[in-house]
Amino acid sequence: MSENAELSAEVNPCDANSAVTRGFDVARVRADFPILAQQVNGNPLVYLDNAATTQKPNAVIDAISNYYRFDNSNVHRGAHALSDRATEKFEGARDTLARFINSPRREQIIWTRGTTEAINLVAFSWGRVNLKSGDTILVSSLEHHSNIVPWQMVAAEVGAKVVPIPISTQGEIDMVALANMLDESVKIVSVGHVSNALGTVNPVADIVRLAHGVGAKVLVDGAQAIAHFEVDVQSLDCDFYVFSGHKVFGPTGIGVLWGRESLLNEMPPWQGGGEMIETVSFSGTTYNVLPYKFEAGTPDIAGAIGLAAAVDYLTGLDRVALAAHEADLLSYAYASAKNCAGLTRVGEAANIAGVFSFLLNGAHPSDVGTLLDHQGVAVRTGHHCAQPLMANLGISGTVRASFSIYNTREDVDRLFAALEKVKQFL
Ligand code: PMP
């Protein structure tokens, strides 16, 4: 590198190649993720499907492997050393997750299989007791199916209705419409923190304030937010916050339901079995305290330990620098998109995290995805489990490139170079 190049790297804080100068070394982060160093279809892998699932650092792979190698045992059974160690690590993971989202108490962290199961838990446990005929459940028009279908199911049972909050053509929640829709019939507002299809960052603290004004509860689906910025459930003041471990560098099969303690205490158990009981007899069964009341059966012990390792890994990095790095990748991608003939962006909200959704020359997104994969570029195509959103936008799907902490400007360049080749086939 010439002296001048070094100098210009230093003075350009938006250049991802100069990330080292901002105290963030993307090459070092990439080295922590062994899966990235591989060829796909004869090309170095460019992984841009992070909204579907993130890759796992060595710290997570090692934590899971070491658990099975040295500590594997069932938890809370305390009869021997291995069980004690497994319990300590499993409950320690709960402490880590409580700190991660600033939960007032560790008992408010309920392990679930992921975002989907957490929303189902709230819909069926809280919903069956608190919703009745004539009540309204508001969800935004941006939602993932996981934040629509459980509500439709419980609504059908109790005679409530699920009503979508409209969005603008840019893909932002229409806050004026929301304010007008909020009345005493609304019992819960369930919204994503970040849209998985468009990347829109929703103003959830404002939504909470408005909803609480009419006495409605608020569930925030944090699946797409949790890896991109710090989440503080106390400052959001929401009633439930849910996310999946695999979207934040942890394993699949584990996730978190965080809930306001008073609500969790009032809610009945959702599934019955071992762990969630206090005493069982044929004359009546009593239930365990939080969080165990909602954790029937042997939990995903390795998953919880792996997720805590992921959180420790992430919080060990400079999160301000990470956010700046991701913002740089997005603005670089959007700037490159302007020079890509035939490309139309889908979703142009003022505040976007991680996602670049687009269409190319009217081509079917899945054809674009296949042709990108042939060049080693992994993206997601289709409706992104958001069919109502796609219907709202009048399209069947998009091509979605989604970014994470280990992506680089070179990845963006590879995406656009690959798109030029794709065009030759269309
Ligand atoms: N909500 C959003 C916004 C998502 O992006 C996803 C996953 N794509 C989910 C919910 C469902 O997450 P999971 O499949 O991990 O339960």
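Start with helix H3, on the face turned away from its buried side: Tyr68, Arg69 and Phe70 are exposed there. Exposed means over 50% relative accessible area, buried under 20%, and partly exposed in between, with a 1.4 Å probe and protein chains only.

A word on the source. This is a predicted model: local features need pLDDT of at least 70, side-chain atom pairs count only at pLDDT 80 or more, and totals for chains, interfaces and linings use all residues. Residues are numbered from 1 along each chain as its sequence is written, and side-chain values use heavy atoms, leaving out hydrogens and water.

Back to H3. Which residues of H3 are buried? Val60, Ala63, Tyr67 and Asp71. They cover an arc of only 65° around the axis, so they sit on the same side of H3. That arc is taken from the directions from the helix axis to the C-beta atoms. An α-helix has 3.6 residues a turn, so residues three or four places apart point the same way. Helix H4 (81-100) and helix H11 (301-315) are among what covers the buried residues of H3.

Now the core. A nonpolar core is a set of buried Ala, Val, Leu, Ile, Met, Phe, Trp, Tyr and Cys residues joined through side-chain atoms within 4.5 Å. The largest has 77 residues. Leu97, Ile101, Trp111, Val189, Tyr241 and Phe249 touch the most other members. H11 gives the most to this core: eleven residues.

Take Ile101. Leaving aside neighbours within four places in sequence, Ile101 is in contact (heavy atoms within 4.5 Å) with residues including Ile109, Ile226, Phe243 and Trp258. Another core, of 29 residues, lies apart from the largest one; Ala337, Leu372, Val412 and Phe416 are among its members.

Definitions and conventions. Helices (H or I, at least four residues) and strands (E, at least two) are DSSP runs, numbered from the N terminus.
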